[in-house]
Amino acid sequence: APTLLWGGRFTGAIDDLMFQFNESLSFDKVLYKADIQGSITWAKALRKLEILSDDELQQIITGLQQVEKEWEEGKFVIDTKSDEDIHTANERRLGELIGPAAGKLHTGRSRNEQVGVDMRLWAGEQLADIAGALKGLLAVSAERAKEALPILMPGYTHLQRAQPVRFSHWLLSHATFLKGDLQRLEGVQERVSSCPLGVGALAGNPFGIDREFMAKELGFHSVHPNSLCAVADRDFVVEILQWASLLMAHLSRLAEDLILFSTAEFGFVQVADAYSTGSSLMPQKKNPDSLELIRGKAGRVMGQASGFLASLKSLPTSYNKDLQESVEPMIDCIKTVSNCVRITQGVLATLTIHGDKMKAALTDDMLATDVADYLVRKGVPFRQTHHIAGAIVRRAEEAGVSISALPLKDLKEISPLFEDDVAQVFDFERSVEQRSTYGGTSSSSVLAQIAAIEAYVGKN
Ligand code: ARG
């Protein structure tokens, strides 16, 4: 029978399937580095309490560094009979390397606090990396927006042509959502960075271990304030999953727009070969698989968020093994999000933008609001001008012409206030440039948005 770390009080052997069912090393091994960092810090704190001698501390640190090296080089040999999780695997190997001193490392410590420290350290590092990737995505969005500034496209509501906007403005609308995700991430990162080390299995530490010292040494923001809560606390995982769900919703909406815009029917953009794949049957096909996967993976992340929350909801106080179910979704979600952000950046950086196609899709009826506004400027209440402009659209439709082709005489029949200068209204560029207030689609407003994003991501 395997020698299990906790085996002292057991007489019977663990069932084989139960061992596999219980083990988490197959997925929590990615936490190896965090686990070793946490253990080195723990050993230093034990030294401060004189539980370890200088020599024992040195042996433990050197041994743990060796274990880390083995993981790094892919040389760590897993004992499939006894290594239950990353904590037991590292401790078992340390014992083989340095002998009895290894047996002192776990003094006063529980895996319940260890797993929390490991997950938080690992997640903190990954989230910082994702924040960097998101900033990269924002920077590319700003860059492409700047380059495409002159391009006008139909703006849509209900997927019906609504008013002309700058393509850059559309792109920045997505960047604005993503900037919100980055801002929210800062709060998540702060709460992830709360150190549970020193809380014991549930009740606290009986040796007076210096929790403040350990938190500082590991670079945490704060020390977790309650031992019972700390070993049960996976709120940081829920927050990561929920934060990621909203981010993925944003990436998915951008993906959906681009998938639609890249159809032959729209033809506004073309996804680069690097981010497309072909059909095994239809030789002509080029499919935007990158974007479809992002859209699909959004569902996966949202499922992980609601799935883990369901595991959490009825747990009694303190640690329960159900909490191990937080590890896989956290790791998978972070990997998914990291890939999706990077792929989105690649798609945007290499996207071909067909300004001519967008321009061709602009129709004069999209200026009906501008016609109404023309009369507003002559003092007519908007509710009336809306009605008048509507009548003009109807008249043009009946005549089978665009609203700009109706003779002034027809317009005057509808409202005598129309003059020759109404011709100026039928100009998409003018319509867009009039929307120059903060957040609008005029070039000055768009340039201000670009500057704000560049400043936020630390460029300029
Ligand atoms: N693998 C476990 C987890 O992920 C580590 C903690 C185990 N603690 C315990 N008391 N069995 O939650």
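This is a predicted model: local features need pLDDT of at least 70, side-chain atom pairs count only at pLDDT 80 or more; totals for chains, interfaces and linings use all residues.
1. Confidence. The chain has an average pLDDT of 96. A score of at least 70 is reached by 99% of the residues. The model's ipTM is 0.97 and its pTM is 0.95.

2. Overall form. The chain holds 18 helices and six strands. Its C-alpha trace spans about 100 × 55 × 40 Å along the principal axes. The radius of gyration is 31 Å, whereas a compact globule of 460 residues would have one near 23 Å.

3. Helix pair α7 and α10. Helix α7 covers residues 167-192 and helix α10 covers residues 235-261. They pack with their axes 10 Å apart, at an angle of about 170°. Angles over 145 degrees count as roughly antiparallel, so α7 and α10 are roughly antiparallel to each other.

4. The contact itself. On the α7 side, the contact residues are His174, Phe177, Leu178, Asp181, Arg184, Leu185, Val188, Arg191 and Val192. They meet Phe236, Glu239, Ile240, Trp243, Leu246, Leu247, His250 and Leu254 in α10. The contact of α7 with α10 comprises eleven nonpolar, two polar and four charged residues.

5. Ligand shell. Ser24, Asp85, Arg111, Asn112, Val115, Tyr319, Lys321, Leu323, Gln324 and Val327 lie around the ligand. By class, the shell has four nonpolar, three polar and three charged residues. Helix α6, residues 111-147, gives the largest share of the shell, with three residues.

Key. Residues are numbered from 1 along each chain as its sequence is written. A residue is near a molecule or strand if its C-beta atom, placed from the backbone, lies within 6 Å of it. Helices (H or I, at least four residues) and strands (E, at least two) are DSSP runs, numbered from the N terminus. Ala, Val, Leu, Ile, Met, Phe, Trp, Tyr, Cys and Pro count as nonpolar, Asp, Glu, Lys and Arg as charged, and the others, Gly among them, as polar. pLDDT is the predictor's confidence in each residue, from 0 to 100. Axes are lines fitted to C-alpha atoms, for helices over the stretch in contact, and angles run from 0 to 180 degrees between N-to-C directions. Angles under 35 degrees count as roughly parallel, over 145 as roughly antiparallel, 65 to 115 as roughly perpendicular and the rest as oblique. Two residues are in contact if their C-beta atoms, placed from the backbone, lie within 7 Å. The radius of gyration is taken over C-alpha atoms; the globule rule is 2.2 Å times the number of residues to the power 0.38.
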